[in-house]
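Take a look at the structure below.

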Amino acid sequence: MKYVGKAVAAFAVAVMALAGCGGGGDPLSKTDEDTKGQENKSGQGGGEALVVGGANFTESKVLAEIYAGALNAEGIQATTRTGIGSREAYLGALKDGSVDIFPEYTGNLALHYDPDATATSAQGWYDAAKNALPKEFTIFAMAPAQDNDSVTVTRETADQYDLKKVSDLRPVAPELVIGGPPEWLTREKTGVPALEKTYGLEFQGEYKRFNPGLQVQALKNGQIDVTNIFTTDPAIFLNDFVVLEDDKHVFPLSNVVPIGNKAATGEEKIGATLDAVSAELDTETVSDLVKQVDIDKKEPKAVAQEWLKSNGFA
Amino acid sequence: MISRLLAWFGDPANWQGLDGIPNRLLEHIGYSLVALVVALVIAVPVGLWIGHTGRGGVVVAGLANGFRALPTFGLLIAAVIVLSGVFRGKTDLGYVLPTLLVLVILGVPPILAGTYAGVHGVDRAARDAAYGMGMTGRQVLLRVEAPCALPLIMSGVRSAMLQIVSTATFAAYVSLGGLGRFIFDGQASNRFEVMLGGSLLVAALAIVAELALAALQRVIVSPGLIHRR
């Protein structure tokens, strides 16, 4: 028995020692590997490098890498810091200087600061965003790429009821089931209540709440007929879904637009570089970039570098 | 936060309709009871058989305990991906079946273990006396071993009920109802008092279920067994 006891104790010590050697890094840290890269670089010129932030969805991460990569190619030191969660969190980071530039969206940004903002064109929403933005921020030129909320149906449903615009849904809505993210049901201005009010749409039964991961599948399998998919989501063209035209302008138009902390981004060259890149970003391009990360499983940074090279920015 | 929570509980609109607390509570109880009954139907006969004959215990108990280690959420999503493709169109079966499947898998191991251990651990004297009186194997099982095993069987059932009630919140993740609806919707719209309210309701339901089963146990377990302890 004594021998067994010693063996067990020795084994336990060995296990604990091995566990201690294992992976470093704070498991509670929520930001991505990009921040490790940033920590390595901050040694040089302490704080001179610009930080381009990104949210925690693919599109934002890729855009951040693209803007940062373009700046680096122009000799302006830039690193990325992605994985910052919601709008409240990253606008706060932009304000306190932990992030200097952030790829945002015109319409949603405008509504964030001014819930009563309305506009009917991309330029209109850009101006609304510009006006609503706090003084310490600056807004650069917007890209043609738009990522909006949408009312989306399958190709079969669109063909069956001859649907091209959201208004076309009015007579057939009682036969269709609507579903999507839980928050879409309750948002007054841009959610189901707005569809009811502005388009007069009354759908069959209960709204089916799905998290984004299961939403596309539910649409494909017919558990829901109508849902809200963001317009650059590769799922739309991969499944041949049809995005109905928002003819009564319920949804804001959200063009990609970098915003920056005025103090850190005053230099002329920064704005010029960002604008040049934005000019080349259209909806198909952004959609394809997202697809390369989500479907082809490539790294956002690699995808960004490849795009910059083939478009003459790097 | 507490004041918002109290306001949420106090708002009469939250007590009516499809999204109201009573409806979600009923849905939640529904999923839990169906899963528990199915788990009982599967686990009790198997447990009685293993405990009585002493055969197959290692294999079956090992398998059942192995199922305990399955990640519930992962299994749920995997089952939904498969079954919602099978049950297409305007039906919830593609979501209800995976949810029940996952809840039953969660509920079987405790009931099986309790039944098997209960029957196996019946006092030898009682068992010998029964055989001595001329009872057949089945009579011994049903008339002597099962009733004597009831305390352990009930404890397995209570443990299963607790797990099922708390995990039935996942039904809401795959678009169904139940108290999980408050948790996921609250999170999505950044209303944490709704999340908290939902969680408290689940905890309260679990406690009530536990008390109900405890009362049931007092009623059906023979007094002779209780005094022996």
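Are Tyr90(A) and Phe102(A) buried or exposed? Both are buried. Keep in mind that this is a predicted model.

Now look at how these two rings sit. A pair of aromatic rings is described by the distance of the centres and the angle of the planes. Over all chains, the count is 11 aromatic pairs. For Tyr90(A) and Phe102(A), the centres are 3.9 Å apart and the planes are at 15°, so the pair is stacked. Planes under 30 degrees apart count that way. Tyr90(A) belongs to helix α4 of chain A, and Phe102(A) to strand β3 of chain A, so the pair ties together parts that are 12 residues apart in sequence.

Next, find helix α5 of chain A, which covers residues 106–113. Its buried residues are Thr106(A), Gly107(A), Leu109(A), Ala110(A) and Leu111(A). What do they pack against? Their partners in chain A are α4 (87–96), β3 (101–105), α6 (122–132) and β9 (256–261).

Move to chain B. Phe73(B) and Tyr173(B) also pair, but edge-to-face, with 4.9 Å from centre to centre and 75° between the planes. Phe73(B) lies in helix α4 of chain B, while Tyr173(B) lies in the loop between α7 (137–167) and α8 of chain B, so the pair ties together parts that are 100 residues apart in sequence. Phe73(B) has 33% relative accessibility and counts as partly exposed. Tyr173(B), at 18%, is buried, because the cut-off for buried is under 20%.

Now for the meeting of the chains. Here 23 residues of chain B are in contact with 19 residues of chain A. Between them, the two chains bury about 1,700 Å², with 45% of it on carbon and sulfur atoms.

What about charges and polar atoms? The interface has 5 salt bridges. One of them joins the side chains of Lys208(A) and Asp92(B), at 3.3 Å from N to O. There are also 13 residue pairs in polar contact between the chains.

Which elements of chain B give two or more residues to the side that touches chain A? They are α4 (72–86) and α8 (180–188). The largest share, 5 residues, comes from α4(B). By class, this side of chain B has 10 nonpolar, 6 polar and 7 charged residues.

Note on methods. Residues numbered from 1 in each chain as written. Chains lettered and ligands numbered in written order. Predicted model: local features only at pLDDT ≥ 70, side-chain atom pairs only at ≥ 80, totals over all residues. Heavy atoms only, no water. Contact = heavy atoms within 4.5 Å. Buried area = accessible area lost by both parts, 1.4 Å probe. Salt bridge = Lys/Arg side-chain N within 4 Å of Asp/Glu carboxyl O. Polar contact = N/O pair within 3.5 Å; in protein donor to acceptor, adjacent residues only side chain to side chain. Helix = DSSP H or I, 4+ residues; strand = E, 2+ residues; numbered from the N terminus. Nonpolar A, V, L, I, M, F, W, Y, C, P; charged D, E, K, R; others polar. Buried < 20%, exposed > 50% of the residue type's maximum accessible area, 1.4 Å probe, protein only. Phe/Tyr/Trp six-rings, centres within 6.5 Å; stacked < 30°, edge-to-face > 60°.
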